[in-house]
Amino acid sequence: MSESPDRPLEQQITLLELVDRVLNKGVVLSGDITLSVADVDLVYVGLRVLLASVGTLERLHEGA
Amino acid sequence: MIHLYAIAEGLGELPAVEGIGGAEIRPRTLDDLELVVSEHDGAELEPTEEAVLAHARVVDALAAATTALLPARFTRTFEDEAALDSAVRGQLDNLRRALSHVRVRVELGLRVIGASEEGPPPEAATGRAYMEARLEAVAGAERLAKDLHEPLAALAADSTHSVATKPRLLVSAAYLVETGDVERFRVEVAELERAHPDLTFVCTGPWPPYSFATAAET
């Protein structure tokens with residue numbers, strides 16, 4: 001079902017929160033991660049994901 | 001290569017959801033913990049749009065099928081099962097503690113966005129008056145953010161509150177809330193929203209407890 005297409009801000013923030021959680025939150029196990037390097041990459045990738053995927057979020061809602 | 005989605009407690013039947021790139025997800029038991037992973041050939045998994053969303057879908061499905069869940073961050077994949085096991089074994093106690101912290105609790109996200117930015121005060125005749133006005137505006141925003149955050153944090157078992165990085169983003173916070181208290185939390189948000197008609201409130205969730213899934217991360 002297309003859910004609240006009249007709330008673009010809410011939808012954008014929900015997507016931003018999703019990407020932020022998956023890439024920047026959540027448990028990390030590897031002690032050997034070079035965090036500084038990984039963080040820069042992920043922030044960059046995160047932005048790209050954000051720009052690319054408002055449509056994907058809508059598909060997710062429809063599929064849910 | 002092994003990709004880790006989450007560490008679970010009380011996982012019964014695995015939910016019917018595909019992993020990244022359509023990979024099959026499978027459980028891997030380690031002591032009393034259950035890891036949910038998928039196997040991938042070749043190089044490191046890139047956090048593409050599809051991969052990030054697939055990871056999130058698996059975590060969502062697992063959250064509904066477990067008594068406690070620590071979502072894994074999408075980071076480097078593990079070389080093999082031995083590498084995964086040794087990373088988990090290094091943190092067993094921390095992981096157990098983290099699992100019990102999030103048990104029967106969900107995460108709610110809140111962002112509060114301020115009214116459109118006001119320009120510099122027009123009557124600031126001097127540099128000093130301008131600076132004072134600016135400082136007062138910043139202090140006012142901090143007070144307001146605190147007034148919004150505190151009643152919500154009081155309803156939560158835990159909370160994270162990031163310092164506002166953009167002038168209009170007053171609150172960017174996550175709250176760990178008992179599943180039975182989600183409605184009460186939302187009512188409180190609605191009340192704050194009514195009391196501050198000039199601000200925009202966006203309350204998201206319930207999420208799996210991403211923001212509270214921390215082992216000894218150093």
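**The cavity and a loop of chain B**

Modeller: The largest cavity has a volume of about 100 Å³. A cavity is a set of points on a 1 Å grid over the protein atoms alone, where a 1.4 Å probe fits but cannot get out. Points are joined across faces, edges and corners, and the volume is the space filled by probe spheres set on them. The whole structure has one cavity of 30 Å³ or more.

This is a predicted model: local features need pLDDT of at least 70 and side-chain atom pairs 80 or more, while totals for chains, interfaces and linings use all residues. Residues are numbered from 1 along each chain as its sequence is written, chains are lettered from A and ligands numbered from 1 in the order written, and side-chain values use heavy atoms, without hydrogens or water.

Now the lining. Lining residues have an atom within 4 Å of a cavity point. There are 13 of them, and the closest to the centre are B:L4, B:R73, B:T75, B:R76 and B:F78. By class, seven are nonpolar, four polar and two charged. Nonpolar means Ala, Val, Leu, Ile, Met, Phe, Trp, Tyr, Cys or Pro; charged means Asp, Glu, Lys or Arg; the others, Gly among them, are polar.

Next, a loop of chain B. B:F74 sits between β4 (68-71) and α2 (81-89). Helices (H or I, at least four residues) and strands (E, at least two) are DSSP runs, numbered from the N terminus. B:F74 counts as buried because its relative accessibility is 2%. Buried means under 20% relative accessible area, exposed over 50%, and partly exposed in between, with a 1.4 Å probe and protein chains only. B:E79 lies in the loop between β4 and α2 too. B:E79 is exposed, at 59%. From B:E79 to B:E34, 45 residues apart in sequence, the C-alpha distance is 19 Å. B:F74 and B:R168 are 94 residues apart along the chain, with 29 Å between C-alpha atoms.

Elsewhere in chain B, two helices cross. The axes of α4 (residues 127-153) and α5 (residues 182-195) come within 10 Å and cross at roughly 160 degrees. So α4(B) is roughly antiparallel to α5(B), a term for angles over 145 degrees. Axes are lines fitted to C-alpha atoms over the stretch in contact, and angles run from 0 to 180 degrees between N-to-C directions.

Finally, chain A has three helices and zero strands. Of its 64 residues, 36% count as buried.

Definitions and conventions: 1 Å grid on protein atoms, 1.4 Å probe; cavity = no way out; pocket = protein on both sides within 12 Å on 5 of 7 lines; lining within 4 Å. Parallel < 35°, antiparallel > 145°, perpendicular 65-115°, else oblique.
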